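Please examine the sequence and the structure shown below. The report that follows describes the contacts, the fold and the nonpolar core.

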Amino acid sequence: MSNKKLMILSMVAALMVILVVIQARISRAPAKVPFVGSYFIQGLNPGKIASIVIGTGENAVKLVRQGNRFLVGNKDNYPAATSKINDLLTSCLDIRTIELITSDPANHESLNVTETKAQSVIRFLDKDRGSCACLVVGSSRLPDCFAAKDGLIF
């Protein structure tokens, strides 16, 4: 092989490496839709939860941590059943996503995922930061204003 052919071959190889690097950077663009099957609440440390609020308004039940157990704050600090608290935490942390319905906050009211329209609201509160996580249960059916297009809902 002559030096001229070797030089052309090395230039083609260098160009190919540059194209591979560019293609790799383009393919790392962030995904717009969360992964199907990923956990809905991620990174919540149950040991750092200072209180749990279930519901909204006057009917809300506030569970306050005292040591390693929770007390029902609005019922004269009556001890809450540890097994029920563990079931609540496990159930909330096991929720997985199925699909993205909307990312526009203007649509939250029509889906009943605002605090005033929700079927249920569960807040996990931290002593230092305030809210750790919040789970809002809305309607199980999509309102008529959402239309399906190519399998995606807008």
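Among the contacts in the chain with a separation of 6 or more, 47% join residues 24 or more positions apart; contact means heavy atoms within 4.5 Å. This is a predicted model, in which local features need pLDDT of at least 70, side-chain atom pairs count only at pLDDT 80 or more, and totals for chains, interfaces and linings use all residues. Residues are numbered from 1 along each chain as its sequence is written, and side-chain values use heavy atoms, with hydrogens and water left out.

The chain has two helices and eight strands, in the order α-β-β-β-β-α-β-β-β-β along the sequence. Helices (H or I, at least four residues) and strands (E, at least two) are DSSP runs, numbered from the N terminus.

Of the 154 residues in the chain, 21% are buried, meaning under 20% relative accessible area with a 1.4 Å probe, protein chains only. The largest nonpolar core has 16 residues, of which I52 and F124 touch the most other members. Such a core is a set of buried Ala, Val, Leu, Ile, Met, Phe, Trp, Tyr and Cys residues joined through side-chain atoms within 4.5 Å.

Not counting residues up to four places away in sequence, F124 touches several residues, including I41, L44, I52 and L89. D126 lies in strand β5. D126 counts as buried because its relative accessible area is 14%.

Definitions and conventions: Buried < 20%, exposed > 50% of the residue type's maximum accessible area, 1.4 Å probe, protein only.
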